[in-house]
Amino acid sequence: MMTGFMPGLELSRRFYAEAVRPALDTAYPGLPHAAALVGAGSEVLGFDTPRSADREWGPRLHLFLTPADRVRLAPRLTAALTGLLPADFRGYPTRVARAGDAAPRLQVVVTDVGRWFGAELGFDPRREPGLLDWLATPWQRLAGCVGGEVFHDDLGELTAVRERLAWYPRELWSYVLACQWQRVAREEGFMARSGEAGDELGSAVVAGRLARDLMRLCLLARRRYPPYAKWLGSAFRRVPGTAEIGQGLARVLAAPSWREREEHLCAVYRRVAGLHNRLGLTEPLDPEPRALAGRPFRVLGAERFSQALLSRVTDARIRGLPPVGCVDQFADSADVLEHPARARAAARALLGLPSAA
């Protein structure tokens, strides 16, 4: 293996330009296609490190053909590329054996846009996504579909789909933000109350939950799909204007007592409220923490932000939804979020949406 680590996105970009494209031109010259690195994998979001190379990592990409060409050529094209491409590229294997494989497989997936996105998301985004499509699709999946890079696209369809999925429609964004504020509102008083009752461990756990929700809130405010837990902090660090919020949250999590947690959390609340006000989605709201219903605990009063966002939503379908948001906001099981059919079933049942909503 090469001694200098090359990020997977750069490795795959070179793999396409230096190996796959010449092989493709040899086997099927002039074949219309798109080539990209998208979907699952730390390298798609730019979070890979040398540690990543120990698990199904290396030069890889997707080749998107027209549906007709995929049906006509996929097995033959895969066989041709397998014969033409080297066993390794820049010191990394181009074939990987996964569980259940009889032999190592070439890390070039031949597919078409509708087929691949349909399997990845549970719907075909070549048409305009509906409410269920948006709200039932986990953030990690959306991030993988719009992340990575398109190396070539003379069909145009892949680029158009990625642009369509780049972010929520305006009023749906307000709804998802409102539901994230509602999550904070539901628990913001628990941290101090647990601590006052002598449960510092429970207080710290609540503080950790609030920290996670606030980090996700900041990502959503900056129009970024929050990734799953392993990469949440890495993604948060890249959001412009959140360095002081991150430092404040670190102090919250390191605090030995609930009173210190509360002090640091109030400082974070002010900054996150300021971030909200700068979005201009609602009228400016008072960022100062306040007493909780007569008790000697300070909270932001996060429900104010949720209600202000919802009050600006004019779409009757969105206004009629319960304040639970998208699947990531009401489900926390990887065994739901990693299976599009389960995520869609859960969202459809909880939100009361028909399959074609």
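Which residue takes a positive phi in the hairpin of β9 and β10? Hold that thought until the last of these close-ups, which come from a predicted model.

**View 1. An open sheet of four strands, laid out in the order β7-β2-β1-β8.** The pairing here is mixed. At the edges sit β7 (108-112) and β8 (149-153), each pairing on one side only. Going from one strand to the next, the twist averages 20 degrees. Zoom in on β1 (residues 34-37) and you'll find it paired with β8 in the antiparallel sense, over four bridges. To get your bearings in that pair, look for Ala36, whose bridge partner in β8 is Val150.

**View 2. Helices α1 and α3 lie across strands of the sheet.** Helix α1, covering residues 8-27, lies across β1, β2 (61-65), β7 and β8. Its direction makes an angle of about 20 degrees with β8. Helix α3 (residues 113-121) lies across β2 and β7, and it runs at about 105 degrees to β7.

**View 3. Glu120, a buried residue in helix α3.** Look for this glutamate in α3. With a relative accessible area of 16%, Glu120 counts as buried because the cut-off is under 20%.

**View 4. Helix α9 alongside helix α12.** The axes of α9 (residues 200-221) and α12 (residues 258-279) come within 11 Å of each other and cross at roughly 15 degrees. On the α9 side, the contact residues are Glu200, Ser203, Ala204, Ala207, Leu210, Leu214, Leu217, Cys218 and Ala221. They meet Trp258, Arg261, Leu265, Val268, Tyr269, Val272, Leu275 and Leu279 from α12. Sort the residues of this contact by type and you get 14 nonpolar, one polar and two charged.

**View 5. The hairpin of β9 and β10.** Back to the opening question: the residue is Ala293, with a positive phi near 45 degrees. This hairpin has two residues between its strands. Strands β9 (residues 290-292) and β10 (residues 295-299) run antiparallel and are joined by three bridges. For a landmark, pick Leu292, which stands opposite Arg295 in β10.

Key: Residues are numbered from 1 along each chain as its sequence is written. This is a predicted model: local features need pLDDT of at least 70, side-chain atom pairs count only at pLDDT 80 or more; totals for chains, interfaces and linings use all residues. Side-chain values use heavy atoms; hydrogens and water are left out. Two strands pair if DSSP finds at least two bridges between them. Axes are lines fitted to C-alpha atoms, for helices over the stretch in contact, and angles run from 0 to 180 degrees between N-to-C directions. Contact means heavy atoms within 4.5 Å. Buried means under 20% relative accessible area, exposed over 50%, partly exposed in between (1.4 Å probe, protein chains only). Ala, Val, Leu, Ile, Met, Phe, Trp, Tyr, Cys and Pro count as nonpolar, Asp, Glu, Lys and Arg as charged, and the others, Gly among them, as polar.
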